[in-house]
Amino acid sequence: MERFQRCRGASTTTTAHPFVHDVRPTGMQKVLMILLGCIFFPIRIALAVLFFLLMWPIARLRLAGLSEADRARPVEGWRRWLFHPIVLFLSRGVFFFTGFLWIKVKGRQATQREAPVLAVAPHSGFLDMLVLCVSGLPTVVSRSENANLPVIGALLEFNQSVLVSRKDPESRRKCVTQIKERLTSSGYWPQMLMFPEGTTTNGQALIKFKPGAFLAGVPVQPVLLHYPNKLDTVRWTWKGTSWLECLWYTTSQFYTNVTVEFLPVYMPSQQEKENPELYADNVQKLMAKALGVPATDYVMEGLFPATKLGGLSLPLESPAGETLKLLKRHSFSNAQVETVMNTMIDYCHSKQDSMVTVEQLASLLGLADKKTAAQICSLYSKNDTLDLRHLCLSVCTTAGLRSPEALLQTAFMMYDSDGDGLLSAVDLSGLMAALVGVPQYNIAEMYTELTTRGQPTEAALYDLLTTHPTYQKFLNECFQSEGAGLAMADGNHFPKGKASSNNNGIHNGNGVANKKFY
């Protein structure tokens, strides 16, 4: 297992990287999986798909003929007692045929009135959905894009799921309102089930819980998922085993063990009711302790896993570091990297639009091969365009090509959108994102701190970064040592991220890096 180390004063904390998982069978296990997979995989997948498809028309029938007003209320009467058991049976059949012949249950599931929400962790992959069968198909929260998928869309409609578009702020606000209304309905709406980690991990640590399940301030029931198998095949993470390999490995076993453990209901204190972040952190600590794993401040921001520092996100594996590795493979010297970055900075200053295509990026890098340019683009963006400011500023930061003062001056000029020497909150968000290479969505706290010092000027920002305890740490994390990123390109890794000091305490921030710039 890949492990990260962080310096915290005189002590060192070592935490498993939760976003990487590889199935590593022995030679004998490989042979057995090939033999069994050739038999089990096609049969099991065919039967699972059959049951999955049978749910499609039944799920549609449940709400057929209802008006929009009726669909906005929980389904009751014959539509519930007729269709609900059928879909529950078919759902269990899908997981039975994928190898979960039995599901061990520990503890007692609370009623909706006792705990309106079930908080499930760790979230390992799509096969975790089997917990829905055990808990009686509670309602869930899902991306609105999933509503357009065949079968999945019908099942979300059947479930009366809360749908949210992560790209639409209005949709997110509406989602929060719906969640609060349902969780405080005193039994009118069915129980809800959420995975507060928000993404999948390898189960070696719990990442920071998102506050969604805790916004209403109602009691929650923590639910643990255990997969006590010799070969851990069910996990599908950011890096490592693909979803198809996960499915192949799992269905190639005679059976796969799983235990669903219902912990006692967690009753929030008044302080936790008023502070969902605190509530989420304390439930995370409790569940981590029960699992015997670290409770960490890791999150997934954009395309990369990160760790939280105040409201800022620092990537575990920097896009800039990966970019430097790619350039190194093309025999870029340190001087060439610096020259190219300076060219890009000049390009950003001379153009109104800093967005570039893969072809333009390849030209700026002087690469005949567009494949490398496309790889670099994919590190920063989900499409074929890239904000060049993010690339050149983050690489300069990681590689130590400029001093903090000089780089901040360059970044300020790029993001001072009005040219008035002052930053808006949006400007600050973009500037900080460019320095580290990942989006910064929670900049409000930092902007408030900046504006309390007077006008949000370049000097005020530098003063904030060099005098405020949290942002001093941020500055040190970004500029750990001159040329750190160029060393990284040679194979040395400078990870960011840590475990909380203990599973019982309250979240307490990050460790301090070695080199200081204040």
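In strand E14, Ser313 is the bridge partner of Lys308. Strands here are DSSP runs of type E with at least two residues, while helices are H or I runs of at least four residues, both numbered from the N terminus. The model is predicted, so local features need pLDDT of at least 70 and side-chain atom pairs count only at pLDDT 80 or more, whereas totals for chains, interfaces and linings use all residues. Residues are numbered from 1 along each chain as its sequence is written, and side-chain values use heavy atoms, leaving out hydrogens and water.

Let's look at the whole sheet. Its 3 strands follow the order E12-E13-E14 in an open, antiparallel arrangement. At the edges lie E12 (298–301) and E14 (312–315), each pairing on one side only. Two strands count as paired if DSSP finds at least two bridges between them.

| Strand pair | Sense and bridges |
|---|---|
| E12 and E13 | antiparallel, 4 bridges |
| E13 and E14 | antiparallel, 4 bridges |

Thr307 stands opposite Leu314 in E14, and Tyr298 stands opposite Thr307 in E13. The hairpin of E13 and E14 has 2 residues between the strands, and Gly310 there takes a positive phi near 65°.

In a regular strand, side chains alternate between the two faces of the sheet. From E13, Phe304, Ala306 and Lys308 point one way, Pro305, Thr307 and Leu309 the other, and all are buried. Buried means under 20% relative accessible area, exposed over 50%, and partly exposed in between, using a 1.4 Å probe and protein chains only.
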